[in-house]
Amino acid sequence: MIILAAAVGANNELGRESGVPLWDLPDEYRRFRESIVGHPIIIGRKSYDVIKEPLPNSLNIVVTRQKDYDGNGATVAHSLQGALDLVKSEPIIYIIGGGYIFEMAMDIADRIEISRIEGTFPDATAFFPKFSTDDWQLISTERHGTDERHKYAFNFEIWERKK
Ligand SMILES: NC(=O)c1ccc[n+]([C@@H]2O[C@H](COP(=O)([O-])OP(=O)(O)OC[C@H]3O[C@@H](n4cnc5c(N)ncnc54)[C@H](OP(=O)(O)O)[C@@H]3O)[C@@H](O)[C@H]2O)c1
């Protein structure tokens, strides 16, 4: 199963050019980290440059066109298909962004795990692709409100591709 995992603003914002996160939502990030543990993750080079080193307890595969890219401990692949070929025996594969990688993966994903943040972020430069209820079915949703650690409320949604 190929799962896309993302957190997005109300306009599908993912991130900005500087890589400085658009929000700080510790419970959202903790849930993301817990979900990927033990599964391979596939990440675009620009997003990997933000985290700079592999996320622990997962095989990290960075997708780049650069033949000499040093993954700093991550495995490097030169196409999305090349990355998937490395982990084809794995039952669950997470694709964790950013926008270019999600766009490429949308047609082959089985599931989308997405936190929809109740805020807008005008300086975003990377966006999650739009997807349609013609193709995708909402399986579950869970709301997290604001508190002293969470400036924005968010809804964690699980979508599955319609058969
Ligand atoms: N909110 C979230 O859930 C979330 C998740 C992930 C990332 N982000 C944010 O998203 C932003 C980065 O996203 P982004 O869309 O700009 O970039 P990205 O998707 O992370 O990475 C783009 C890079 O992937 C490589 N690539 C793209 N297409 C390729 C292909 N067909 N074959 C081989 N390599 C290919 C290229 O690397 P080279 O240029 O090296 O060739 C390209 O520059 C950051 O701000 C990050 O913080 C947010």
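Modeller: Helices (H or I, at least four residues) and strands (E, at least two) are DSSP runs, numbered from the N terminus. The model is predicted: local features need pLDDT of at least 70, side-chain atom pairs count only at pLDDT 80 or more, and totals for chains, interfaces and linings use all residues. Residue numbers start from 1 along each chain as its sequence is written.

Biologist: Where is Asn12 found?

Modeller: Asn12 sits in the loop between S1 and S2. Its phi is near 70°, which is positive in a residue other than glycine. Most residues other than glycine have a negative phi, and most peptide bonds are trans.

Biologist: Which peptide bond is cis?

Modeller: The one from Gly97 to Gly98, with omega near 0°. Gly98 is in the loop between strand S6 (93–95) and H4.

Biologist: Changing topic, which residues are closest to the ligand?

Modeller: Gly15, Gly44, Gly97, Gly98 and Gly99 are the closest of the 24 residues that surround the ligand. A residue is near a molecule or strand if its C-beta atom, placed from the backbone, lies within 6 Å of it. Elements giving two or more residues to this shell are strand S1 (2–8), strand S2 (13–15), helix H2 (45–51) and helix H4 (99–105). H2 has the largest share, with four residues.

Biologist: Now the overall fold. How many helices and strands are there?

Modeller: The protein chain has four helices and 10 strands. Eight of the strands form an open sheet with mixed pairing, in the order S5-S4-S3-S6-S1-S7-S10-S9. Two strands pair if DSSP finds at least two bridges between them.

Biologist: Which strands are at the edges?

Modeller: S5 and strand S9 (136–144), each of which pairs on one side only. S4 and S5 run parallel and are joined by three bridges. Val62 stands opposite Val76 in S5.

Biologist: What about Val63, is it buried or exposed?

Modeller: Val63 is buried, because 26 other C-beta atoms lie within 10 Å. This residue belongs to strand S4. Leaving out residues up to four places away in sequence, the residues that Val63 touches include Ile42, Gly44, Ala77 and Ile101. Two residues are in contact if their C-beta atoms, placed from the backbone, lie within 7 Å.

Biologist: What share of the whole chain is buried?

Modeller: Buried residues make up 30% of the 163 residues in the protein chain. The C-alpha trace spans about 45 × 40 × 25 Å along its principal axes.

How values were computed
A residue is buried if 20 or more other C-beta atoms lie within 10 Å of its own, exposed if 12 or fewer, and partly exposed in between; C-beta atoms are placed from the backbone.
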